[in-house]
Amino acid sequence: MTDDPAIFARAADEPAALPPVLPSAASAHADADRLLLLEAVFHHCPTAIMITDRASRIVAVNPGFERLTGFSADEALGRTPALLKSGRHDAGFYRGMWQTLLDQGAWQGEIWDRRKDGTLYPKWLSITALRTGPDRQISHFVAAFNDLTVSKLAEERIRALAYHDPLTGLPNRLLLHDRLRCALANARRGRGTLAVLFLDLDHFKYVNDSLGHAVGDRLLAEIARRLKDCVREVDTVARVGGDEFVIVLENLHERADAVAIVNKIHAAFAPPIDIDGRELHASASLGIALYPEDGDDAETLMRNADTAMYQAKAAGRDTYQFFAPFMNEHVRERLDLENTLRHALERGEFELHYQPIVDLRNDLVVGAEALIRWRRRGDALVAPDRFIPIAEETGFIVEIGDWVMRRACQDYVAWRAQGIAPQRLSINVSPRQFRQPGFAGRIRAILRDSGVEAPELELEVTESALMQQPELAARILGELKAMGVGIAIDDFGTGYSSLAYLKIFPIDKLKIDRSFVRDILSDNSDREITQAVIALSHNLGLNVVAEGVENDGQLDFLRAHGCDCVQGYYHARPMPAPDYAEYARRRRVA
Ligand code: C2E
Ligand code: MG
Ligand code: MG
């Protein structure tokens, strides 16, 4: 166990401290029995046992020793335990071991040794000093040891599992926090700045929903691989959620260094990902927070990078944003909107305004579009563009949509009784609402309850709502059509703008987005597009409505090119139901 006879010599002079370990037998007979028993235990014990004399020469080993070390008893006897040394521990380690052994009579701990075949292995070793002689001096040392290789491997595996994401092999949130804390400590010691990047895949849910989780998993694994290729050895790429990754960039000199890596990441997303011959295109939104300006602890940096990522999403996805303090303001505002929106319905804070739709051929009001308003906490009105997207994301839109539908139908029935109802009532339907299972059935129930006839109702859906899952959309539209409900494509021109594709859907009307109408007099291409859309729609047998008509010039242009109907401030702004009734009474309705 040692190569140092000097230490051993000192051990030999130590006063007796421990009682003899081997029993002293009372009778010769019992003695012999006991020895046989001990012999058998020594022989069969699965633990490796090695006994040396006080000069550290091996005097006995058991089969467990032979199995573990690879040395036979013949090869080991007479040698010193240096036979097993791995070379992994320095002289100080062995000195410490001896010191304890001599002071306390025993030592135990983990130690690396070498087998006969040269392989190294960790073992758990217990050494006991025996004082069996009459002088109570140390006479032998007994070393018992077990191989730790298997449990070490298990331990490593457990550690790997606890700190890594099994799908991608990337560090998980736990390890990320460790790494980030170390990186921050380095940065504080003046070794450059660091950046935390929060990355969220765009539309990953669609991949999972439409192609299945197995495809989603492979996509994630490939993205993880590409991300790792974009960063340096010192940087960390971690997966912290389904489609969320966090990247820690260390030793940056300036903000531009982070931008360079972000550009690299964007470029890495460009080549399509091939999964079983299917080409998938992935993109990501990224938020960046820098140390020290955006936070000096891990939590703040992570939170701010996340906030910046949300801004990148809001800015249209597939882009990146550096954190800026105003973003916290936006996040607070959004959270506030979300929280108050939750209760808006039960507090009766919604109102419907109506805007007339006028037929250009006879100047009659042929329709009214219901437009929702939110009187938040009883004060100023919140415009739908600010809260509909939140309602859509949170799912509140389904209940809100039902409310709109029921209220609008009630108003319409009341106007009909007064003889001022237009031919059609137009109601906006958001994508989530439209795809909600049982949508057509809900419409049927609302029509039945309110007494509105199906042909009196027209639903406005956007192209993007139809294009996300065209087959599903076509089926829902088919059901509505069969009931006799009219369908209009809203905001045409802002989405896919594919008239050919629209042919597969049973629609009646197309509403040209107000962004084209706005510049129709000054912008050549807007004029040409509008003209073409009107002509093509008529070819397809569709009715055309121009939105956002504000002046005579626009009106004249649209009339000259055969547009069927217009809607806009020129005729009237959206107004509360009583005002609309007043308006309708003054105008002729059809
Ligand atoms: P939209 O369906 O395209 O509605 C037309 C929008 O254009 C309305 O904005 C209307 O006030 C505005 N507008 C009408 N004439 C003019 C004009 O001459 N000039 C200008 N600059 N604007 C004009 P609003 O009411 O703010 O609604 C915005 C959007 O919110 C709607 O666009 C619709 O997509 C959505 N929305 C409104 N109400 C509902 C609803 O009840 N349910 C759902 N899902 N979405 C709704
Ligand atoms: Mg609309
Ligand atoms: Mg519109």
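What follows is a conversation about how terms are applied to this predicted model.

Reader: What makes a feature count here?

Author: Because this is a predicted model, local features need pLDDT of at least 70 and side-chain atom pairs count only at pLDDT 80 or more, while totals for chains, interfaces and linings use all residues. Residues are numbered from 1 along each chain as its sequence is written, chains are lettered from A and ligands numbered from 1 in the order in which they are written, and side-chain values use heavy atoms, with hydrogens and water left out.

Reader: Glad to have that. How do you know which residues coordinate the magnesium ion (ligand 2)?

Author: Donors are N, O and S atoms within 2.8 Å of the metal (3.2 Å for Na, K and Ca). Glu-369 (OE), Asn-428 (OD1), Glu-460 (OE) and Asp-490 (OD) lie at 2.0 to 2.2 Å from the magnesium ion (ligand 2), so they meet that cut-off. Along the chain, these donors follow the spacing E-x58-N-x31-E-x29-D. Glu-369 belongs to strand E14 (residues 365–375) and Asp-490 to strand E18 (residues 486–492), so the pair ties together parts that are 121 residues apart in sequence. A word of care for your modelling: water is not among the atoms, so sites may look incomplete.

Reader: What makes the Gln-355 link to Gln-567 a polar contact?

Author: A polar contact is a pair of N or O atoms within 3.5 Å; within protein, one must be able to donate a hydrogen and the other to accept it, and residues adjacent in sequence count only if both atoms are side-chain atoms. The two side chains make theirs at 2.9 Å, so the distance passes the limit. Gln-355 sits in strand E13 (residues 350–359) and is buried, at 7% relative accessibility. Contact means heavy atoms within 4.5 Å; leaving aside neighbours within four places in sequence, Gln-355 has contacts that include Glu-369, Tyr-569 and Arg-573.

Reader: How do you know that E6 and E8 pair?

Author: Two strands pair if DSSP finds at least two bridges between them. Strand E6 (residues 193–201) and strand E8 (residues 244–252) have seven bridges in the antiparallel sense, so they pair. One of these links is Leu-197 with its bridge partner Ile-247 in E8.

Reader: What is the order of the open sheet, and what makes a strand an edge?

Author: The five strands run E7-E8-E6-E11-E12, with mixed pairing. Strand E7 (236–241) and strand E12 (320–322) each have a single partner strand, so one side of each is left without a neighbour in the sheet. The twist averages 20° from one strand to the next; axes are lines fitted to C-alpha atoms, for helices over the stretch in contact, with angles from 0 to 180 degrees between N-to-C directions. Helix H9 (residues 213–230) lies across E6, E7 and E8, running at about 5° to E8.

Reader: Why is E11 called largely enclosed?

Author: Eight of the eight residues of E11 are buried, so the rest of the structure largely encloses this strand. Both faces are covered, with Leu-286 among the buried residues on one side and Tyr-291 among those on the other. E11 pairs with E6 in the antiparallel sense over eight bridges, and with E12 in the parallel sense over three bridges.

Methods. Helix = DSSP H or I, 4+ residues; strand = E, 2+ residues; numbered from the N terminus. Buried < 20%, exposed > 50% of the residue type's maximum accessible area, 1.4 Å probe, protein only.
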